[in-house]
Structure formats: C-alpha cells, structure tokens
Amino acid sequence: MQDLIQQVADILTDAQRLVVLTGAGISKESGIPTFREAQQGLWARHDPQRLATLQGFLANPKLVWDWYQFRLGLVEQAQPNPGHTAIAELERRLPHVAVITQNVDGLHARAGSRQVLELHGNIHRFKCLRNHSNLSMADLAGQEATPPLCPHPGCQALVRPDVVWFGENLSYSVLNRAVAASEACDVMLIVGTSGVVQPAASLPYNARRARIIEINPEESELTDLAQVYLAGPAGEMLPQVLAAMR
Ligand code: BJW
C-alpha cells in the first residue's frame with residue numbers, strides 16, 4: 001500500500017490541471033450515508049422512485065419534503081472530514097484544481113474548496129415548481145405548510161429541494177463546465193463513487209489525456225479506468241497521500 005500511496009503522491013505533485021470527482025463515499029466518514037452500499041445505503045432502505053423523482057414528489061410532497069428535511073438535519077450536524085480537508089489542501093498546493101461533486105451536502109466548500117461544481121444541486125437550496133430558484137430556508141421561515149409554498153408574490157407553487165432527481169436534467173452550465181474541466185485535466189482523482197449514475201459516471205471518459213486515480217474501499221464501475229487504485233477509505237488515504245507529496 002505504501003508504494004501505491006507514493007505513486008499517487010508523485011502523480012499529484014506533477015499535476016498541472018487536476019479534477020477531483022467525488023461521490024457519497026467522501027462524506028461517509030462525516031456520518032452521511034451513501035446510496036447504494038448494501039444495508040447501510042439510503043436506497044437499501046428507501047425507494048428512490050418515491051423519494052428522488054419528480055413523480056414521487058407530486059404523488060406525496062410531504063413525504064419527500066420531510067425526508068429531505070431529515071437529511072438536511074444530518075448534513076447540518078456533520079463536519080468535513082480529513083478527506084474533504086485534504087482535497088481543499090490540494091487546491092492550495094497545485095496550480096489548478098476543480099472539484100466536481102455529485103454530493104448535495106456542501107461539505108467540500110465548508111472544508112475550504114473554492115472551485116466546486118455541484119452536479120446534483122445542493123440540499124440547502126430550494127426552488128418552486130414554477131422555477132423560482134435560489135430560495136433559502138430563511139425565505140421559507142414562518143410557513144405552516146409542508147412543503148412550504150413559494151414566497152414570490154402571487155406564485156404559491158410547491159417548494160422542493162434544489163437537487164437533481166432521476167429523470168431530471170442537470171444544470172447545463174454546471175455540466176458543461178464539468179465536461180470542459182474533465183477534457184482539459186491531466187490528472188483525474190475519483191473518490192467515493194460507485195460510478196453508476198449518468199452523466200456523472202461518463203466524465204472520466206472525457207478525461208482522455210489524464211492519468212486516473214481512484215480511492216474507494218470497494219471496486220467501482222470506474223476502477224478499470226484507473227492507473228492507480230487505492231483500496232481504502234478517503235479520510236485515511238488522502239491525508240497519507242498529501243503527506244507523501246513533494
Ligand atoms: C467510500 C467510502 C469511504 C464508501 N471513502 N469511498 C444512461 C444510461 C442509463 C441510465 C441513464 C443514462 N442517462 C441517464 C440515465 C438515468 C439516470 C441514471 O444514471 N440511472 C442509473 C442509476 C442507471 N440518470 C439521471 O436520471 C440523471 N439525469 C439525466 O441524465 O437527465 C437526462 C436524462 C433523463 C432521463 C433519461 C435519460 C437522460 C440525473 C441523476 C440524478 C441522481 N440523483 C441522486 C439524488 C440527488 C439528491 C439527493 O442527494 O437525494 O444523486 S441519486 C444518488 O446517486 C445521488 C448521488 O449523487 C448519485 C451517485 O451516487 P454515488 O455518489 O456514486 O453514491 P453510491 O452510494 O452509489 O456510491 C458510494 C461509493 O462510496 C461506493 O462505491 C462505496 O464503496 C464508496 N465508499 N465509504 C471512499 N470512506
């Protein structure tokens with residue numbers, strides 16, 4: 001393992017344009033559950049069709065709203081872990097770093113990463129079904145309704161979390177920037193994703209010029225693309241990699 005850690009450290013030391021692509025695994029050591037892990041994953045206990053689609057929300061808005069409020073509570077109690085902190089430190093050490101995350105928890109920014117593309121939105125932000133966007137919890141304060149109604153004058157549409165559910169398009173602007181960063185990078189570090197959800201899982205295929213590194217305790221759909229695969233938790237592996245960098 002020490003050899004592999006040193007190999008990763010050497011590749012990162014020489015990186016000119018690094019993309020870090022993250023998924024739920026990076027936040028697991030902060031106490032936020034992943035989606036697809038057997039038993040502990042959210043989708044092992046909850047039906048994604050009911051909770052993470054527009055159809056599920058329209059069928060039972062209160063159920064979906066309450067579930068996201070519960071998860072927002074988990075996120076608000078969580079702290080960035082040494083994996084998030086190490087990624088933020090890479091941005092300080094290397095010439096150009098972009099973090100592309102599938103996570104909605106905002107922990108990369110809280111750890112100090114500044115260039116973060118959130119492919120699947122952010123659980124702290126809300127929008128209404130008529131698409132008034134960028135609503136915060138403070139904008140919805142004092143409402144009895146669950147879910148709350150849009151506070152824009154005369155709107156009153158249902159408010160939902162500003163996250164990307166199955167069957168919904170990602171923000172074109174965010175996705176375009178993620179594709180461009182992937183095409184331009186010379187190193188891509190993939191951390192804590194099963195690599196099954198599109199279009200995020202296709203980004204490493206855009207990184208044609210890049211050396212690809214993966215950190216994940218389990219092999220993923222993307223492991224075969226990786227030149228170096230570190231089999232371990234991000235919060236343990238990433239600080240060791242940082243310590244081994246020149
Ligand atoms: C650790 C660790 C530790 C554990 N350290 N690692 C092409 C082909 C087939 C299907 C499609 C396709 N194009 C689109 C689709 C449909 C769909 C899709 O991909 N389905 C697949 C499941 C088959 N995609 C979409 O619908 C997307 N929209 C879209 O493409 O629009 C255009 C379109 C529409 C309709 C048809 C065709 C095109 C939108 C996807 C939105 C995903 N939304 C969610 C919920 C977000 C809100 C919320 O948080 O509730 O995003 S689902 C969920 O999965 C969440 C995650 O971001 C996403 C990815 O999961 P992730 O992060 O990989 O987590 P896990 O749990 O899967 O993996 C965790 C990993 O961590 C594991 O590997 C562990 O081993 C590891 N780990 N501890 C490091 N300590």
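Predicted model: local features only at pLDDT ≥ 70, side-chain atom pairs only at ≥ 80, totals over all residues.
## Domain arrangement

## The interface between the domains

Where the two domains meet, 13 residues of domain 1 contact 13 residues of domain 2. The size of an interface is often given as the accessible area lost when the parts come together. For domain 1 and domain 2, the area buried between them is about 1000 Å², and 57% of it lies on carbon and sulfur atoms. Within domain 1, the residues that lose the most area to domain 2 are Lys-28, Ile-32 and Val-104. Together, these residues account for 44% of what the domain 1 side buries.

Polar interactions also occur here. Four residue pairs are in polar contact between domain 1 and domain 2, with both residues at pLDDT 80 or more. Sorted by class, the side of domain 1 that touches domain 2 has five nonpolar, four polar and four charged residues.

## Salt bridges

The whole structure contains 10 salt bridges, and one salt bridge is found across the interface of domain 1 and domain 2. Glu-37 and Lys-28 form a salt bridge through their side chains, with an N to O distance of 3.3 Å. How accessible are these residues: buried, partly exposed or exposed? Glu-37 has a relative accessible area of 28% and is partly exposed. Lys-28 also counts as partly exposed, at 36% relative accessibility.

Another salt bridge of the structure joins Arg-92 and Glu-89. The closest N and O atoms of Arg-92 and Glu-89 are 3.1 Å apart.

## Cysteines without disulfides

A disulfide is a covalent bond between the sulfur atoms of two cysteines. How many disulfides does a search of the whole structure find? The number is zero.

Cys-128 is buried, with a relative accessible area of 1%. Cys-155 also counts as buried, at 6% relative accessibility.

Technical notes. Residues numbered from 1 in each chain as written. Heavy atoms only, no water. Contact = heavy atoms within 4.5 Å. Buried area = accessible area lost by both parts, 1.4 Å probe. Salt bridge = Lys/Arg side-chain N within 4 Å of Asp/Glu carboxyl O. Polar contact = N/O pair within 3.5 Å; in protein donor to acceptor, adjacent residues only side chain to side chain. Nonpolar A, V, L, I, M, F, W, Y, C, P; charged D, E, K, R; others polar. Disulfide = S-S within 2.5 Å. Buried < 20%, exposed > 50% of the residue type's maximum accessible area, 1.4 Å probe, protein only.
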